[in-house]
Amino acid sequence: MASSDVARQPDKGVRSLSLAGHVGFDSLPDQLVNKSICQGFCFNILCIGETGIGKSTLMDTLFNTNFENFESSHFEPQVKLRAQTYDLQESNVRLRLTVVNTVGFGDQMNKQESYQPVVDYIDRQFESYLQEELKIKRSLHNYHDSRVHACLYFISPSGHSLKSLDLVTMKKLDSKVNIIPVIAKADTISKSELHKFKIKIMSELVSNGVQIYQFPLDDETVAKVNTTMNGHLPFAVVGSTEEVAVGNKMVKARQYPWGVVQVENENHCDFVKLREMLICVNMEDLREQTHTRHYELYRRCKLEELGFKDTDSECKPVSLQQTYEAKRQEFLVELQKREDEMRQMFVQRVKDKEAELKEAERELQSRFEQLKRLHAEEKAALEEKKRLLDDDQSSFGKRKAAAQLLQAQSLTANGKKDKDRKNSGFM
Amino acid sequence: MNLIFKLEPISSGGSTLLGYIGIDTIIEQMRKKTMKTGFDFNIMVVGHSGLGKSTLVNTLFKSQVSRRSAGWARDEKIPKTVEIKAVSHVIEEGGVKMKLTVVDTPGFGDQINNDNCWEPISKYINEQYEKFLKEEVNITRKKRIPDTRVHCCLYFISPTGHSLRQLDTEFMKRLSHSVNIIPVIAKADTLTIEERQEFKQRVRKELEMSGIEFYPQKEFDDDMEDKSDNDKIREAMPFAVVGSDKEYQVNGKRVLGRKTAWGIVEVENPNHCEFAQLRDFLIRSHLQDLKEVTHNIHYETYRAKRLNENGGLHPISSADTQESNL
């Protein structure tokens with residue numbers, strides 16, 4: 001889209017100017033930060049590890065609170081994920097923290113599908129963000145971001161090497177989320193064993209091509225500390241919410257008969273390093289990586305799956321909307337076809353019904369005729385009978401009349417005869 | 001404007017241990033990241049020629065950022081139609097790098113017949129939204145989409161002392177829904193203080209009656225604090241400003257000003273004009289907010305409209321904005 005009428009200097013040729021006085025836009029980062037403070041921050045951590053390895057305890061220790069958690073059983077038939085959201089506040093920063101724990105990870109006999117619920121969960125969060133982004137009327141700046149920003153993978157402190165379940169799971173997740181492997185319950189390993197263990201783990205990860213999260217080195221202020229920390233991966237951590245008196249202080253620790261393992265003592269474990277890296281130094285980078293790398297990858301794959309491309313077969317750029325339009329047309333054509341089909345079906349049904357009704361009507365008509373005929377026949381028969389009866393009656397009447405006449409005649413005749421007899425008798 | 005963040009320890013159940021986690025360091029982390037990536041800001045100036053637009057922008061940013069100074073001849077002829085000319089510079093202050101783009105609109109309001117002279121401007125603004133949208137919907141997209149959208153449009157009102165002109169209300173009515181408009185009264189040194197107050201009141205009333213929502217828009221106030229801050233600003237707008245890039249000695253100090261036979265108008269003196277107020281409002285407190293309103297509201301409105309269009313995609317032709325034939 002050439003807006004050649006807009007005279008623009010190309011970016012490379014953008015001049016730098018010096019200011020003649022204080023303008024005041026150096027407050028821009030503050031303005032931006034203030035807005036973010038008003039909105040609050042979101043951070044989502046996913047903890048993957050076997051049951052009982054110390055995920056919940058570590059979260060409690062990390063965030064200095066007691067998240068409500070309950071022990072899970074070892075007999076879960078399938079891996080599940082349990083997500084809990086908390087609102088934390090420190091000075092004027094409000095953080096909405098979501099901790100997602102796996103339940104039943106590594107407990108099943110057949111662990112081949114163990115990683116799937118985790119991958120599905122992560123994808124679901126990406127999907128719902130993508131859906132929101134693709135909406136026509138959307139509110140991204142208000143959207144509660146549930147995408148997983150960091151994944152703490154808890155390695156069992158066997159001291160030998162990674163389990164195959166670990167490798168398989170991490171390989172499936174490394175392109176979807178920032179993986180930070182930690183060695184759990186590190187107080188069961190001695191220092192020398194730990195050193196060897198760490199080297200073994202890192203070399204196994206490298207040889208299997210698992211890309212774990214590297215602390216970023218581009219900012220000079222943190223590059224140095226991040227480089228050192230990168231060398232200490234994976235962090236060997238110990239979690240505890242109980243406090244033990246050491247010297248004249250109460251510290252978070254685990255008390256054994258042979259000594260006290262202090263959580264925040266850097267000689268005892270790497271907990272402080274983990275907290276420093278995860279929260280104090282790189283939290284924002286974790287969020288950024290999730291958004292610009294993992295989410296973009298998901299989005300690209302998903303859209304390509306759906307058939308959207310940036311360039312069509314002739315390598316000419318195809319805009320999303322053109323593809324969208326094409327799909328829309330397809331869909332409309334499909335709809336039209338179905339509508340036609342339905343219409344035809346409807347017409348057919350109507351015809352059938354009509355035929356049925358006509359048939360019924362005809363039947364009724366014929367029955368009616370029949371009945372009418374019967375009725376007429378009966379009536380005729382009745383008429384006939386009536387006529388006969390009438391005839392009978394009239395003939396009877398006639399006969400009766402004739403008989404009466406005869407009787408009357410015979411009476412008078414008898415009378416006369418009697419008279420005659422009487423008369424004749426006198427003579 | 002430096003804010004101090006207090007780090008208070010969170011006590012955990014009666015122990016003397018400092019329960020500090022370090023969540024609030026995210027502020028520093030964020031600040032560092034944004035300083036590294038730098039900021040973009042695009043400001044457009046609209047008003048007929050001679051109102052001192054370029055001078056004002058130069059005064060605001062204390063350097064020669066507007067097009068007049070970027071090698072264009074001072075006595076150009078007025079173009080026959082409205083042109084859009086954008087000039088970018090990188091300026092730095094306190095470790096903060098900003099790429100400032102000033103978009104000038106020569107020819108606006110200068111014709112005899114000014115019907116529809118806002119169209120090239122509206123088209124330019126929409127073109128920038130379109131560019132951003134196209135980038136955003138790509139499958140493989142850039143890490144940081146270059147932002148050329150106009151974050152703020154300074155509209156210069158002629159200091160007639162009477163009222164707004166029809167062109168003013170027409171322009172602002174049409175564009176206040178797609179860009180943040182900040183009206184300013186130009187060359188305020190031609191009005192006395194009383195005339196200025198009256199003029200401002202009249203202008204404000206006219207804007208209200210025409211239903212023009214200038215920045216900061218009432219409907220986007222986040223909370224009560226925001227509302228009360230912004231109410232104060234809205235009461236004082238439009239700011240009556242004077243621009244100058246020349247310095248003079250006043251009371252032993254060097255100040256930016258305009259020298260006249262009857263005195264020196266000090267640009268940054270709040271008793272003389274409201275430049276300082278405009279600068280504080282525009283740059284020191286609301287710069288980020290201007291960008292956010294543009295991104296979260298104006299751009300989203302454009303995007304929703306665009307994606308809703310049926311059979312959507314007639315390409316936006318750039319044929320209308322003509323180069324003037326001088």
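Let's start at a bend: helix α8 of chain A has a kink of about 35 degrees centred on A:T290, where the bend at a residue is the angle between axes fitted to the seven residues ending there and the seven starting there. Helices here are DSSP runs of H or I with at least four residues, numbered from the N terminus. This is a predicted model, in which local features need pLDDT of at least 70 and side-chain atom pairs count only at pLDDT 80 or more, while totals for chains, interfaces and linings use all residues. Residues are numbered from 1 along each chain as its sequence is written, chains are lettered from A and ligands numbered from 1 in the order in which they are written, and side-chain values use heavy atoms, leaving out hydrogens and water.

Back to α8(A). Its end C-alpha atoms are 32 Å apart, which agrees with the 33 Å that its 23 residues should span at 1.5 Å a residue; the expected span is 1.5 Å times one less than the number of residues. After the helix comes A:G307, with a positive phi near 100 degrees.

Within this helix (residues 283–305) you will find A:R287. Its relative accessible area is 18%, so A:R287 is buried (under 20%; exposed is over 50% and partly exposed in between, with a 1.4 Å probe and protein chains only). Beyond its neighbours within four places in sequence, A:R287 is in contact (heavy atoms within 4.5 Å) with residues including A:F41, A:H149, B:I26 and B:M30.

A:D285 pairs with B:K33, with the closest N and O atoms 3.0 Å apart. This pair crosses between chains, from α8 of chain A to helix α1 (residues 25–37) of chain B. A:D285 is buried at 5%, whereas B:K33 is partly exposed at 22%.

B:D289 forms a salt bridge with A:K35, at 2.8 Å between the closest N and O atoms. B:D289 lies in helix α8 of chain B and A:K35 in helix α1 of chain A, so this pair joins two chains. Both B:D289 and A:K35 are buried.

What about the cysteines? The structure holds zero disulfides over all chains, a disulfide being a pair of cysteine sulfur atoms within 2.5 Å. For A:C280, the nearest cysteine sulfur belongs to A:C269, 15 Å away. In chain B, the sulfur of B:C117 is 12 Å from the closest cysteine sulfur, that of B:C153, which is too far for a bond.

Note on methods
Salt bridge = Lys/Arg side-chain N within 4 Å of Asp/Glu carboxyl O.
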